Amino acid sequence: IALWDDGAIAKRSFVIATYALCGFSNFASIGVQLAGLTVLAPSRSRDLSRSVLSALLGGFFACCSTACVAALLIDDDAEL
């Protein structure tokens, strides 16, 4: 927020970065996802651990898509 208050970035850039960064595409959520699914299906833990990376990429692209929609809807003169 300090960058926004100092005027270093625009309000629109702040909103886009917020949508891009606030998602489930991080390594901590991979651990939570893998632990939760392994408890449900312990015999499939090898298959689950292989598919977690693709889930990370899917979450990353979903967050970027949300940021793109926010970029289309927010204008530079918007009040936040």
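How do the axes of helix α3 (residues 27-40) and α4 cross, and within what distance do they come? The close-ups below take this up, and remember that this is a predicted model.

**View 1. Helix α3 against helix α4.** The two axes cross at roughly 150 degrees and come within 10 Å. Angles over 145 degrees count as roughly antiparallel, so α3 is roughly antiparallel to α4. As α3 passes α4, the crossing is right-handed. Want to see who touches whom? On the α3 side, look for F27, I30, Q33, L34, L37 and T38; they meet S45, L48, S49, V52, A55 and L56 in α4.

**View 2. Helix α2 against helix α4.** Here α2 (residues 11-21) packs on α4 at an angle of about 155 degrees, and the axes are 7 Å apart. That makes α2 roughly antiparallel to α4. This crossing is right-handed too. From α2, the contact uses R12, I16, Y19 and A20, while α4 brings in C63, T66, A67, A70 and A71.

**View 3. A nonpolar patch on the surface.** Now zoom in on L53, L57, F60 and F61, which together form a nonpolar surface patch.

Note on methods:
Residues numbered from 1 in each chain as written. Predicted model: local features only at pLDDT ≥ 70, side-chain atom pairs only at ≥ 80, totals over all residues. Heavy atoms only, no water. Patch = residues over 30% accessible without salt bridge, like charges linked within 9 Å, V, L, I, M, F, W, Y side chains within 5 Å. Areas by Shrake-Rupley, 256 points an atom, 1.4 Å probe, with all protein chains shown as cover. Salt bridge = Lys/Arg side-chain N within 4 Å of Asp/Glu carboxyl O. Axes fitted to C-alpha atoms, helices over the stretch in contact; angles between N-to-C directions. Helix = DSSP H or I, 4+ residues; strand = E, 2+ residues; numbered from the N terminus. Parallel < 35°, antiparallel > 145°, perpendicular 65-115°, else oblique. Left-handed = near helix turned anticlockwise from the far one by under 90°. Contact = heavy atoms within 4.5 Å.
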